[in-house]
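I set out to record what can be looked up in this structure.

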Amino acid sequence: MHDRTDTLEQDLQACAIGATVESGGGDGSRVRNRTGVQPQPPRETNKSKEPDLRLRPNETLPIHSLPTELFLHVIHHHMRSYFQDFGFDYYRRLLSLTRVCSRWCKIIRNTPSLWNRIHWSDSAKVVKIALRRSSNYPLDILLHTEHVEQERRYMPWLINALGRHRDRWRTLDISVPSPWMKGVIHALKEPAPSLERLSLAKDTTYSVDEDDTYSVEEDDTYGSEEDATSSIGELDLFRGSAPRLSELTLNGMSHCWDSEVIHGLTVLDLRCINFLSANTILDILSHSPRLRTLAIYRCITKSRANPSSPSIQLRHLTSLRLDLGRLDATEDLLGHIEASDGCSLATYLRPNENFEEFLQRRLLEWMSKWKHSASVPFEGLLLEIDGNDLRVEYSTTDRSEPLVLAIEASSWENSWVDQLRVALPQLIDALASWTKDVTTLHLRLGYPPSGCHTLSFKQFIIEQVSRLPPVTSLEVSGVQLGSLLNGLRLEDVSSLFRNVRTLSFLKIGVQELWSSLNWLCEMVEIVRDATKSPMEELNQREQVLKLKLCVLNGVPSNEDLLYGAVKRLEGLVGSGNVWVVEDGYGIPFAGFGGTTPTIFQSMISLK
């Protein structure tokens with residue numbers, strides 16, 4: 001990992017030299033000598049005959065006329081995606097921009113906010129330069145292990161280097177193997193006055209021997225997994241002093257739960273933690289009444305809350321995800337939480353649990369609160385059935401985010417199919433009773449539940465969703481037998497899809513698109529014909545069906561295949577009615593190599 005830094009370090013040297021151009025003359029002729037090489041005197045020229053462009057060629061470009069503040073805004077916007085994408089090659093890209101010209105190099109080099117990202121893949125030299133050039137600017141740190149063997153000696157140095165700048169930590173995201181966590185926790189003992197977001201996770205992806213220990217200045221702070229686990233529960237992070245901390249994620253780690261560090265949070269995400277009692281969780285929540293997002297996922301409680309335990313009011317909560325290992329334990333805790341009426345809910349279902357009663361007592365009751373609390377009518381509804389997940393989303397004009405009800409089930413158990421056969425009709429009944437006035441209805445059909453690829457089950461899904469108002473937007477994941485949509489072949493869907501205006505195929509590779517093109521065309525024809533029937537009966541103008549293809553990465557190497565597929569699909573829905581979007585990035589294609597760019601149109605107006 002760290003042997004890839006030769007080019008990067010050359011960039012650093014080039015930037016250090018290029019940035020020494022003095023701003024007084026502006027012609028780039030005066031350079032401070034930091035290389036030890038005697039600079040040659042400037043060549044005598046006739047300035048009246050020599051154009052000024054030779055001395056300042058870059059100043060003629062339009063971008064160089066931008067004020068520095070606006071130029072930096074552009075650079076920040078450009079670099080943001082590099083750090084959000086797990087931070088890989090952030091500084092490699094930043095330093096490549098410094099090679100454009102001395103002005104760019106000088107501005108970038110002297111802007112601390114561009115040097116405040118620290119990533120695990122950064123070499124020691126890059127980290128030192130970033131820490132120095134970021135000056136007093138808050139630091140955003142992301143430490144996720146990738147190659148354990150290469151990083152095992154680098155990690156102690158990096159932790160120590162960052163520890164000396166503890167006062168500047170703003171965000172800290174750490175995921176390391178369990179035996180390494182003890183050393184990380186050791187570095188988190190002192191107060192962090194500027195820390196706003198913290199995420200700590202034990203990474204179980206990599207296998208690390210228990211004797212793979214580390215030392216920081218001969219201090220045995222990196223020990224075995226057992227030592228790390230036992231010490232974390234006794235530790236009060238930052239000695240209880242992180243006054244600005246508002247977002248906390250703990251994955252696989254316990255903590256001193258009465259610490260002031262966890263008081264006053266707005267986002268709390270607890271995963272894979274064993275709690276002595278549900279009362280412990282309620283006590284944690286009582287200290288954070290301003291929580292907006294709460295996730296307690298794959299956690300276990302040894303005992304339920306006491307009957308006398310008070311209910312916790314979380315009036316600002318907008319998103320809640322609960323999974324305490326058993327449905328009865330989840331329901332018990334849910335009964336002690338009083339969230340806002342406009343709060344989304346996600347739960348997890350395991351095999352052989354009485355889901356029907358839970359659905360009636362909790363989930364449908366939860367959804368009914370949305371209707372009673374809505375200040376304006378619901379505008380849109382999305383129903384998603386994908387694999388072992390069932391999801392409902394409601395959107396209103398007065399909310400930036402939709403209201404969500406999500407049910408996740410075990411991916412390795414067929415019992416979910418039987419539970420879904422019981423639950424889905426009841427859920428559809430509840431939705432149909434108060435969604436008649438929604439203006440848009442989105443249906444997302446994904447993969448069949450695990451172990452169930454029969455047409456009879458797919459027909460059951462279609463029969464149930466047909467009891468909803470006509471769908472206006474249909475989204476499909478999977479192809480052929482791997483898609484619930486395959487059940488449409490044997491069903492009359494004219495009533496269900498008569499209002500469909502947008503048909504989308506999601507997360508499909510170009511090769512898969514091409515090999516399944518006949519099937520896709522058949523599905524498009526089924527939906528298209530359903531939209532034609534009511535228009536013909538009313539003798540009205542036929543509505544146009546828009547087709548959206550969300551293709552996976554790798555489009556440039558398969559341009560011809562994609563172009564051929566689009567041309568054939570255009571024959572079904574009309575020229576200019578097929579969109580191609582690179583899935584995951586939302587980047588619309590404007591054509592390939594200059595070939596008929598009108599085919600590929602922007603999807604900005606579509607979700």
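**Entry 1: the largest cavity.** I listed the residues that line the largest cavity: Ile-141, Leu-143, Ile-159, Leu-162, Gly-163, Trp-169, Leu-172, Ile-174, Val-184, Ala-187 and Leu-188. Strand S2 (139–144), helix H7 (154–163) and strand S3 (169–176) are the elements that each give two or more residues to this lining. I note that the model is a predicted one, in which local features need pLDDT of at least 70, side-chain atom pairs count only at pLDDT 80 or more, and totals for chains, interfaces and linings use all residues. Residues are numbered from 1 along each chain as its sequence is written, and side-chain values use heavy atoms, with hydrogens and water left out.

A cavity is a set of points, on a 1 Å grid over the protein atoms alone, where a 1.4 Å probe fits but cannot get out; lining residues have an atom within 4 Å of a point.

By class, its lining has ten nonpolar residues, one polar and no charged. Ala, Val, Leu, Ile, Met, Phe, Trp, Tyr, Cys and Pro count as nonpolar, Asp, Glu, Lys and Arg as charged, and the others, Gly among them, as polar.

**Entry 2: the whole chain.** I recorded 17 helices and 24 strands in the protein chain. These are DSSP runs numbered from the N terminus: helices are H or I of at least four residues, strands E of at least two. Of the 607 residues, 50% are buried (under 20% relative accessible area with a 1.4 Å probe, protein chains only; exposed is over 50%, partly exposed in between).

**Entry 3: paired strands.** Strands pair if DSSP finds at least two bridges between them. S16 (residues 378–386) and S17 (residues 389–396) pair in the antiparallel sense over eight bridges, with Leu-383 opposite Val-392. Two residues lie between the strands in their hairpin, where Gly-387 takes a positive phi near 60°. S17 also pairs with S18 (residues 403–409), again antiparallel, over six bridges; here Val-392 stands opposite Leu-405.

**Entry 4: a loop residue.** Is Asn-354 buried, exposed or partly exposed? I class Asn-354 as partly exposed because its relative accessible area is 44%. Asn-354 lies in the loop between strand S15 (344–349) and helix H12 (355–373).

Definitions and conventions:
On a 1 Å grid over the protein atoms alone, a cavity is a set of points where a 1.4 Å probe fits but cannot get out, and a pocket is an open set with protein on both sides within 12 Å along at least five of seven lines; lining residues have an atom within 4 Å of a point.
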